[in-house]
There are 2 protein chains.
Amino acid sequence: MNASDAIRRSFIFSSLDEEQLAKVLTITREKKFHKDEIIMQEGEKGDSMYLVVEGEVGVSKSLTMKFGDNDFRQTEKVLTSFKPEDHVIFGEMALIGQDSRSASIIARTDCLFLGISRGDFIKLIEADSNLGMKILMKLSELLINRLKQSSQDIIRLTTALSIALNK
Amino acid sequence: MNASDAIRRSFIFSSLDEEQLAKVLTITREKKFHKDEIIMQEGEKGDSMYLVVEGEVGVSKSLTMKFGDNDFRQTEKVLTSFKPEDHVIFGEMALIGQDSRSASIIARTDCLFLGISRGDFIKLIEADSNLGMKILMKLSELLINRLKQSSQDIIRLTTALSIALNK
């Protein structure tokens, strides 16, 4: 996949026309990561979003788990992994405001990313508010989908907890 | 509080200037609810968002809880309640796309709401994309804050579940 395709197929840019896609391409920067390199560290401040052009990445989140009486350990829970054909973006919350990364992203193979910084993104959408609106509509849709997924997870976990406590 | 103040103080409209606030006001519709009336039913399709101008509302979500062996019951969990001075909006996800309501909202007192339908909202932001962008930036910020809250809830619940299972 090349940079232009990676943008075109990414959900938040999927409603843009050719001219608008070309404008987005001008603010992207290629960034390479080696296998096992940490791309994003959970909790760190970030000001860029990324999309995968080549390679495979893993997403993980830290959790406190109980292993025995008074034995609580911080464990790393690997959530999932993504390839370019998943057309996933990372760190998109950073486009809207100063963001603490909500998960860690690690390169599972050598990777090529496209990065977009918040500063460049804001300049772009302020210069072309029609373009900005199309991206923000899709970004809102993406966030809503994630929020619904989270709500379902909360209900599932609450139910499981209720069962565990009543055993 | 009057309709104009309710809009002005609502987070997603907080970056608009006077002229833009006036435009938003033209697409709002007043809606009254009596005490104990259901304003929104969890799971139902909806195409409007609301903000509270007068009265108090309660938010609840249904959960499956275990009360004994093979005794699972669907219970209603009251999450919280809101007054006009909380400047809270409901059903804002419906502005972006067809939405199943994620919680139920009930009138705890007689209430006056302002409603904005998706159709009117889309027309408004397409006619004035600068206005649209300002609202969508704030909406994204709101969704991101909720998503972070949900993530913390998931971590807390996962931790609690791990402790309960290892007792």
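The model is predicted: local features need pLDDT of at least 70, side-chain atom pairs count only at pLDDT 80 or more, and totals for chains, interfaces and linings use all residues. Residues are numbered from 1 along each chain as its sequence is written, chains are lettered from A and ligands numbered from 1 in the order in which they are written, and side-chain values use heavy atoms, with hydrogens and water left out.

- Strands β4 (residues 48-54) and β10 (residues 111-117) of chain A are joined by six bridges in the antiparallel sense.
- A:M49 has A:I116 in β10(A) as its bridge partner.
- Axes are lines fitted to C-alpha atoms, for helices over the stretch in contact (heavy atoms within 4.5 Å), and angles run from 0 to 180 degrees between N-to-C directions.

**Salt bridges**

- Over all chains, the whole structure holds 17 salt bridges, each defined as a side-chain nitrogen of Lys or Arg within 4 Å of a carboxyl oxygen of Asp or Glu.
- In chain B, D153 and R156 form a salt bridge, B:D153 to B:R156, with the closest N and O atoms 3.2 Å apart; both residues lie in helix α4 (residues 129-165) of chain B, three residues apart, about one helical turn.
- Salt bridges that share partners join A:D5, A:R8 and A:E18 into one network.
- Within helix α1 (residues 3-8) of chain A, A:D5 and A:R8 are three residues apart, and their side chains meet in a salt bridge at 3.7 Å, N to O.
- A:D5 is partly exposed at 22% relative accessible area, and A:R8 is partly exposed at 31% (buried is under 20%, exposed over 50%, partly exposed in between; 1.4 Å probe, protein chains only).
- The side chains of A:K35 and A:D36 meet in a salt bridge at 3.6 Å, N to O, and A:D36 is exposed at 52% relative accessibility.

**Relation of the chains**

- Chain A superposes on chain B by a rotation of 180° with 0.0 Å of shift along its axis (RMSD 0.0 Å), and the two copies are thus related as by a two-fold rotation axis.
- The same surface serves both copies, as 100% of the contact residues of chain A recur in chain B.
- The superposition is by least squares on the C-alpha atoms of residues with pLDDT of at least 70 in both copies.

Notes:
Helix = DSSP H or I, 4+ residues; strand = E, 2+ residues; numbered from the N terminus. Pairing = 2+ DSSP bridges.
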